[in-house]
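Student: I am new to this structure. Could you take one part of it and walk me through that part closely?

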Amino acid sequence: MTARLEQLNSQYRFKQPLIFYTQPELPYLSQLTVSTKSIYFHSWHRHKKSSSLASASNLATKCKLTFSDISDVYAKELSTIVFTSGIDYPSFSTPQKHPGNFKNTQPVAGYFGEFTQRLNIELLAQAATALPNWQFLFVGRIKCKKGVLEELPNVEFLGEKSDSCAAGYLQNWDVSLFPVATDAIEPDDLILLQEYMASGTPVAAVQKDYPDSYHQCICIQGNKEPFSQTLQRALSDTSRKDIRQEIARLESYQNKAAQLNKLIHHLTADQPLNSQQESLF
């Protein structure tokens, strides 16, 4: 591959060759004799193992710039920008039809995603018990035991649905549930939360270290507050719909592409980012 890149550079006489890495196993490409600039993107989805993180860190030191969708992987690397995955904002913000397999005769709280041990099942059961006049829906593949939730009359599991159906559910129940139990928020969690916000529906979320802007538009469980009360607060949180959607719009694929294009332009032009541009990432 190195020889091929050398050949292409000789053939086309590139003025500002830029190499975009996504595999941490390719540090030898930095040994090219031609003058190049390199961008490396470390993805949590593809490189979860510690051995992969080590090789990724090695490659990061050889690149002009490193992107990561994990905020603490390269905390000490000054050349690293945290660049999370985007969302399909138009799909989630454009009004969709009701899916038709649940009724809104009572307040409906819903979760769209895989039902795993990462969810705080005990917290959900306590909330469903405390709010017998609410309906709790879970849409997604079941990957762990449902526990006491399976026994509660106001809890229903609708099974796995296509991602294309997600917006119809999020927009048409009353409150979106974000009951992740783990301490850290992983990139997949943020994507789900951003899709929730893009739909405009109020969000009831457990305590986490959320981005500051999210505190403006979602209902976060207070200290020692029963999650059932968080849900009741969220039910009336309709005035902040525009704020939720605007924050989510900034995470759209279109906006991410524009940010990346601007950054690459400055990198190829060998211009440092100013403080205003750095704040985009």
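Student: In what order do the six strands of the open sheet stand?

Tutor: Keep in mind that this is a predicted model. The order is 7-6-5-8-9-10, and the pairing is parallel. Start at the edges. Strand 7, residues 155–159, stands at one, and strand 10, residues 219–220, also stands at an edge. Each has a single partner strand, so one side of each is left without a neighbour in the sheet.

Look now at strand 10 and its partner. Strand 9 covers residues 203–205, and two bridges join strand 9 to strand 10. These two strands run parallel. Find alanine 205. Opposite alanine 205 stands isoleucine 220, in strand 10.

Next come the helices on the sheet. Helix 7, residues 227–235, packs on the sheet. Helix 7 touches strand 5, strand 6 (135–139), strand 8, strand 9 and strand 10. Its direction makes about 160° with that of strand 9. Helix 6, residues 187–199, lies across strand 5 (108–112), strand 8 (175–178) and strand 9. Helix 6 runs at about 170° to strand 8.

Helix 6 leads on to helix 8. Helix 8 spans residues 241–249, and its buried residues are Arg244, Gln245, Ile247 and Ala248. Seen down the helix axis, these buried residues fall within an arc of 160°, so they line one face of helix 8. Their cover includes helix 6 and also helix 3, residues 89–93.

Cysteine 219 counts as buried, at 4% relative accessibility. Is there a partner for its sulfur, or none? Consider what a bond would take. A disulfide is a covalent bond between the sulfur atoms of two cysteines. The closest cysteine sulfur to that of cysteine 219 is in cysteine 217, and it lies 9.4 Å away, too far for a bond. The cut-off for a disulfide is 2.5 Å between the sulfurs. By this rule the count of disulfides is zero. Another cysteine, cysteine 144, is buried too, with a relative accessible area of 14%.

The protein chain has ten helices and ten strands. Of its 281 residues, 46% are buried. Take the contacts between residues at least 6 apart in sequence: 65% of them join residues at least 24 apart. The chain exposes about 14,900 Å², and carbon and sulfur atoms supply 49% of that area.

Key:
Residues numbered from 1 in each chain as written. Predicted model: local features only at pLDDT ≥ 70, side-chain atom pairs only at ≥ 80, totals over all residues. Heavy atoms only, no water. Pairing = 2+ DSSP bridges. Helix = DSSP H or I, 4+ residues; strand = E, 2+ residues; numbered from the N terminus. Contact = heavy atoms within 4.5 Å. Axes fitted to C-alpha atoms, helices over the stretch in contact; angles between N-to-C directions. Buried < 20%, exposed > 50% of the residue type's maximum accessible area, 1.4 Å probe, protein only. Arc of directions from axis to C-beta. Areas by Shrake-Rupley, 256 points an atom, 1.4 Å probe, with all protein chains shown as cover.
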